[in-house]
2 protein chains.
Amino acid sequence: MTLDAFRTEIGAINDLLCASSVLVWDSRTMMPPGGAETRGLQIATLVRAARDRLLGDAMARALDEARRAVEDLPEDHPDARAVAQTLAAVAHHARVPASLVEARAALRTKAQAAWTTARANSDFALFAPHLAETLRLTRAYADAVGFEAHPYDAMVALFEPGETAASLASLFATLRAGIAPILDEARARPQARADFLTRGYGVEGQRAFGLAIAERFGYDLARGRLDTTTHPFEVSFTREDVRITTRYHADWLPASLFGTFHETGHALYEQNVDPAYTRGTLATDLIGLYGVGGTSFGAHESQSRLWENHVARSRPFWENHLEELKAHFPEKLADVDAQAFHAAVTRVEPGFIRVEADELTYDLHIMLRVELETALMSGDLAVADLPGAWNAAVRRDLGLDVPDDRRGVLQDVHWSSGYIGSFPTYTIGNVMAAQLMDAVREDDPGAVAAMERADYAPLADWLRAAIWRHGRRFSRDELLVRATGRTLDPAPYLRHLATTYAG
Amino acid sequence: MTLDAFRTEIGAINDLLCASSVLVWDSRTMMPPGGAETRGLQIATLVRAARDRLLGDAMARALDEARRAVEDLPEDHPDARAVAQTLAAVAHHARVPASLVEARAALRTKAQAAWTTARANSDFALFAPHLAETLRLTRAYADAVGFEAHPYDAMVALFEPGETAASLASLFATLRAGIAPILDEARARPQARADFLTRGYGVEGQRAFGLAIAERFGYDLARGRLDTTTHPFEVSFTREDVRITTRYHADWLPASLFGTFHETGHALYEQNVDPAYTRGTLATDLIGLYGVGGTSFGAHESQSRLWENHVARSRPFWENHLEELKAHFPEKLADVDAQAFHAAVTRVEPGFIRVEADELTYDLHIMLRVELETALMSGDLAVADLPGAWNAAVRRDLGLDVPDDRRGVLQDVHWSSGYIGSFPTYTIGNVMAAQLMDAVREDDPGAVAAMERADYAPLADWLRAAIWRHGRRFSRDELLVRATGRTLDPAPYLRHLATTYAG
């Protein structure tokens, strides 16, 4: 009874999925445009090969042996968890017919193309039939994998196991009620100046400063690199090669800086997974089929948001680092001090676009999307009525009138990609980040004091021990209970928002 | 009876092999150092998956049907050739036990590490045991796949089907006899000055000029890109994404320029394979297991050497383009005219290092390696005696005394990679390039005249029709017979060398 055969099979699956991630990274940073069509086929073949290997005879035999090898281990032993998670993944994929996998993949290509055209023309009608078909196949997928209360539950489970339409409705009701008065207070105050963020900043200085801070946070460039893309992302090809990207806007300095800090948070998680888990189940998403060490999308987002917002959007951060940024742009920032810079990057201003939203209004964007996609999945909302429902929700939650579909219902790529059920994880990340920061404050006040002196190692040590090293061994709520004594709890997040924006 | 299932299987195999090539490209251009170990495992998994799929049941069934679908087609019909080549590849790999494939892959990693250390210390003894083991496994491989006269034949067939130890001995005897008097004449003449090639050239200008010429030759940057590496190479992930690399030496201008022109020749071949062959057998090396459209290593090298030497090392080329180069480096090249520049890049000067050799002495480096590796394979030469035999051959062929193993027997990576039998293809490329240029001159003199006016489209058109578009449909000698009326013939090459270096 050994785990050798099991480890060989999982290792090969992880290899295939990490290879697929390399091809995705390349396609978004390096690939010449002509490569797009065959690249899509190559990625599909790799993911399909991983799925086939997971459902293959060799894995079945290896799992038989592995199950017996771990049966005397504690349930939460890494090997026991690896075997259990793999068995669950095999059962999951066995429930989804290959024809449905292929139909969803084929539709994704067409739907994204239609969405691109629809957004360029700001015309939802061009995308509507593809969204309807996406919903049809998504419901078929939910039916295949199964759910208890709501078809949306089956989709959320792909991204954030443990959450359901009902649990999210409850969480979001608390957040809505808590955010509303903070937003009222924030809007009542005079707006901080932000003119100095638009002064034509060169790429070199932005990149050098962002990367220097990433390294200060602990990002290891011997196992990483920073490149340029339209939409920033982090990607891991095992913990030994974890890459980040950002974008540079000459006339909006925060875009690259906070983009880099955000992706650095994701990267720290992946670079610090226990090396023993490399190429194993505990560093592979066998449901979503890619190589990743973070235990859920929400847990991953908690790390990016923690470094972006709790560390880098804090007053001490800019007291410590503004001079370094000024060294790159001495003239442009001559009239700016830490207080002014901090005020500028914590301005509150409701807008149409989610990815440009400030920290306080960000979750309002998320919650309206989740409300709408839940209703679309259940059939309570028809595709034809979506733009109207979107615009009404933006009016209700942000007090704005959406001028066109491009700045409204067509702004996000997610639905055209078939990623229904992924939006909630952004807000869960925000909630979890604040909960973890509260725990650090209580558990290791010295780490917070060090952070305020620009020494980030103690905070990283705490997060490594509590979150990062565990990879996918523990669920998000298991991690939270171990680290904070409670499952997901919105109270610390609402306190953080109140302190920062209504203080 | 259709080819659909066959095409699906080959398409997936090509996807896996192209993905593997993306990972290799990335590892040599972009990957942070920490990624090396897991990257090696990922590449091995992809190649193994391709081999397994080639030998799998689905392919066997698809080939059964495909064989019947093509049985009434002419033997050289693309589909008939694709099926025949795939059947041959299946038979080839079925003869090699998986344990031997794995033993060779595992040894390669160790042997390359030992070679790197041995070369750094200039101590062959550190590499000798790994070379002995490499030879043992290479002989086992030759025994497994089979050969008629000499175990070396089985290895050459991996790179240059149709050649054998005997055919190469005959070709090389002709070349040695022909090159010797040309070299004597070249060495008797006063040496051209080359001091201006070492004047500290910046990367930007080198890159801009090299890339502009590559585009003039026809390299399509919408389906390609140029990056920087230690050892220049070209790699294809289907014809829609064909990348090249070069290196920049501030104090040796020809390195980047001719490196770029050389790799551009390789890239033109791949970018111009018939689009109908994309993801098919005729654009996949199913024996060597990677995605490539060129029909043999020698045929591929003929295209790189043709553009590097017959086009870019010609007097008209520098008459047409030196001013463009001077625009990048006006001061450094102020005292240089086309005659002087051309003379400098066609200097003959025997040296120790193959990759730095001039065109005339290059084949002497190749032929001594082939002589030695053939003797190693047969057992006529013992590993312990290799450095002495190497040094004696360099003395005999180049008139030089090798100062140390680093500049002698340890200079090339090939043997540590298990690539025994690949060296002959460099010289075959030289021979084939000259043969093709002779045919162009006869067949389409206007194309040569256009080339001498810096219009490269007619030459590219001729090569596309004669060579590039056919991918792997025809063997090297079939291509040569169709294009020149003869199989491989060294006479045009010796005439070219005589004209250029003893003229």
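A search of the whole predicted structure returned 42 aromatic pairs over all chains. One of them joins A:Phe159 and A:Phe297 in an edge-to-face arrangement, with 5.1 Å from centre to centre and 90° between the planes. This pair links distant parts of the chain, since A:Phe159 belongs to helix α7 (residues 151-159) of chain A and A:Phe297 to helix α11 (residues 297-311) of chain A, 138 residues apart. A:Phe159 is buried, at a relative accessible area of 8%, whereas A:Phe297, at 29%, is partly exposed. A second pair is formed by A:Tyr201 and A:Phe329, whose ring centres are 4.9 Å apart; the planes stand at 90°, so this pair is also classed as edge-to-face. A:Tyr201 is located in the loop between α8 (165-188) and α9 (203-217) of chain A, and A:Phe329 in the loop between α12 (315-328) and α13 (338-344) of chain A; the pair therefore ties together parts that are 128 residues apart in sequence. A:Tyr201 and A:Phe329 are both buried. Ring pairs also link a cluster in chain A, made up of A:Phe196, A:Phe209, A:Phe217, A:Phe258, A:Phe261, A:Trp307, A:Phe317, A:Trp318, A:Phe341 and A:Tyr456.

Salt bridges were searched for in the same way. Over all chains, 87 were found in the whole structure. In chain A, A:Arg305 pairs with A:Glu308, with the closest N and O atoms 3.2 Å apart. The two residues are three positions apart in helix α11 of chain A, which means that about one helical turn separates A:Arg305 from A:Glu308. A:Arg305 counts as buried, at 8% relative accessibility, and A:Glu308 likewise counts as buried at 8%. Another salt bridge of chain A connects A:Asp404 and A:Arg407, where the closest N and O atoms are 2.9 Å apart. A:Arg407 has a relative accessible area of 31% and is partly exposed.

In chain B, the side chains of B:Arg369 and B:Asp412 meet in a salt bridge with an N to O distance of 2.5 Å. B:Arg369 counts as buried at 0% relative accessibility, and B:Asp412 is buried with a relative accessible area of 10%. Salt bridges with shared partners also join residues of both chains, namely A:Asp26, A:Arg39, B:Asp241 and B:Arg243, into one network.

The contact between the chains takes 33 residues from chain A and 33 residues from chain B. The area buried between chain A and chain B is about 2500 Å², and carbon and sulfur atoms give 62% of this area. A:Met30, A:Pro32 and A:Gln42 supply 19% of the area that chain A buries against chain B, more than any other three residues.

Four salt bridges were found across the interface of chain A and chain B. In one pairing, B:Arg39 forms a salt bridge with A:Asp241, the closest N and O atoms being 3.6 Å apart. On the side of chain A that touches chain B, α1 (4-29) and α2 (36-54) of chain A each supply at least two residues. The largest share of that side, nine residues, comes from α1(A). By residue class, the side of chain A that touches chain B divides into 16 nonpolar, eight polar and nine charged residues.

B:Asp26 is found in helix α1 (residues 4-29) of chain B. Not counting residues up to four places away in sequence, B:Asp26 touches A:Val22, A:Trp25 and A:Arg243 of chain A, together with B:Met31 and B:Arg39 of chain B. B:Asp26 counts as buried, at 0% relative accessibility.

Two residues of chain B were examined for backbone geometry. B:Ser122 is not a glycine, although phi is positive at about 50°. B:Ser122 lies in the loop between α5 (98-121) and α6 (128-145) of chain B and is partly exposed, with a relative accessible area of 23%. B:Ala454, also a residue other than glycine, has a positive phi near 70°. B:Ala454 is located in the loop between α17 (445-451) and α18 (457-466) of chain B and counts as buried at 14% relative accessibility.

Notes
Residues are numbered from 1 along each chain as its sequence is written. Chains are lettered from A and ligands numbered from 1 in the order in which they are written. This is a predicted model: local features need pLDDT of at least 70, side-chain atom pairs count only at pLDDT 80 or more; totals for chains, interfaces and linings use all residues. Side-chain values use heavy atoms; hydrogens and water are left out. Contact means heavy atoms within 4.5 Å. Buried area is the accessible area (1.4 Å probe) that two parts lose on being put together, summed over both. Helices (H or I, at least four residues) and strands (E, at least two) are DSSP runs, numbered from the N terminus. Ala, Val, Leu, Ile, Met, Phe, Trp, Tyr, Cys and Pro count as nonpolar, Asp, Glu, Lys and Arg as charged, and the others, Gly among them, as polar. Rings of Phe, Tyr and Trp (its six-membered ring) pair if their centres lie within 6.5 Å; planes under 30 degrees apart count as stacked, over 60 as edge-to-face and the rest as tilted. Buried means under 20% relative accessible area, exposed over 50%, partly exposed in between (1.4 Å probe, protein chains only).
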